Amino acid sequence: MNSCCAVIFCGGRATRVQSTLGGLPKALIPLDTTPYLDGLLNLFRLSGIRKVVLCISPLTNAIEKHIGNGSRFNVEIRYSVDNGYVENAGALWAALRLVDTPLMLCVNGDTIVEIDF
């Protein structure tokens, strides 16, 4: 998995659940006591993925403040910032310039899935 970059979509507006988020982006909502995105980054690290592009927007810039450069997760984090009104395909198109691996794994930053690496 060292030749894989994970692209995480977490720049959405959260219009359907905005009133229950308390100002947090969905990716930072705690599951138990840990923000979802923290757990996802730890899962990627344990699976050997060391490069991650976070697709964020001005609406979710708290993610960059919380995650930083990724050093505490032992992964390299890059940020692709869009306007918050593009869908995943638009966010991916903008993020492609930051992907420098032959393999890419794209996931939503607000969806829990089981992945067998």
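# Salt bridges, strands and cover

Tutor: Let us start with D110, which forms a salt bridge with K26, where the closest N and O atoms are 2.5 Å apart. This is a predicted model, in which local features need pLDDT of at least 70 and side-chain atom pairs count only at pLDDT 80 or more, while totals for chains, interfaces and linings use all residues. Residues are numbered from 1 along each chain as its sequence is written, and side-chain values use heavy atoms, with hydrogens and water left out.

Student: Why is the contact between D110 and K26 called a salt bridge?

Tutor: The term asks for a side-chain nitrogen of Lys or Arg within 4 Å of a carboxyl oxygen of Asp or Glu. The N and O atoms of K26 and D110 are 2.5 Å apart, which is within that limit, and therefore the pair qualifies. Side chains of opposite charge can pair when their charged atoms come close.

Student: Which parts of the chain does this pair tie together?

Tutor: D110 lies in the segment after strand 6 and K26 in the loop between strand 1 and strand 2 (30-31), so the pair ties together parts that are 84 residues apart in sequence. Helices (H or I, at least four residues) and strands (E, at least two) are DSSP runs, numbered from the N terminus.

Student: What makes D110 and K26 buried, partly exposed or exposed?

Tutor: Buried means under 20% relative accessible area, exposed means over 50%, and partly exposed is in between, with a 1.4 Å probe and protein chains only. D110 has a relative accessible area of 36% and K26 one of 30%, so both are partly exposed.

Student: How many salt bridges are there in the whole structure, and what joins D38 to R72?

Tutor: A search of the whole structure finds five salt bridges. In the one between D38 and R72, the side chains meet with an N to O distance of 3.7 Å, which is again within the limit. This pair links distant parts of the chain, with D38 in helix 1 and R72 in the loop between helix 2 (62-67) and strand 5, 34 residues apart. D38 counts as buried because its relative accessibility is 6%, whereas R72, with a relative accessible area of 49%, is partly exposed.

Student: Which residues are linked in a network of salt bridges?

Tutor: The network links K51, E76, R78 and D100. Within this group, the side chains of R78 and E76 meet in a salt bridge of 2.7 Å, N to O. R78, at 23% relative accessibility, counts as partly exposed, and E76, with a relative accessible area of 33%, is partly exposed as well.

Student: In what order do the strands form the open sheet, and which strands stand at the edges?

Tutor: Four strands form the sheet in the order 5-4-1-6, with parallel pairing. Strand 5 (76-81) and strand 6 (103-108) stand at the edges, each with a single partner strand, so one side of each is left without a neighbour in the sheet.

Student: What makes strand 4 mostly covered?

Tutor: Five of the six residues of strand 4 are buried.

Student: Where does L96 lie, and how is its accessibility classed?

Tutor: L96 lies in the loop between helix 3 and strand 6, and at 35% relative accessibility L96 counts as partly exposed. The C-alpha atoms of L96 and D110, which are 14 residues apart along the chain, are separated by 21 Å.

How values were computed:
Two strands pair if DSSP finds at least two bridges between them.
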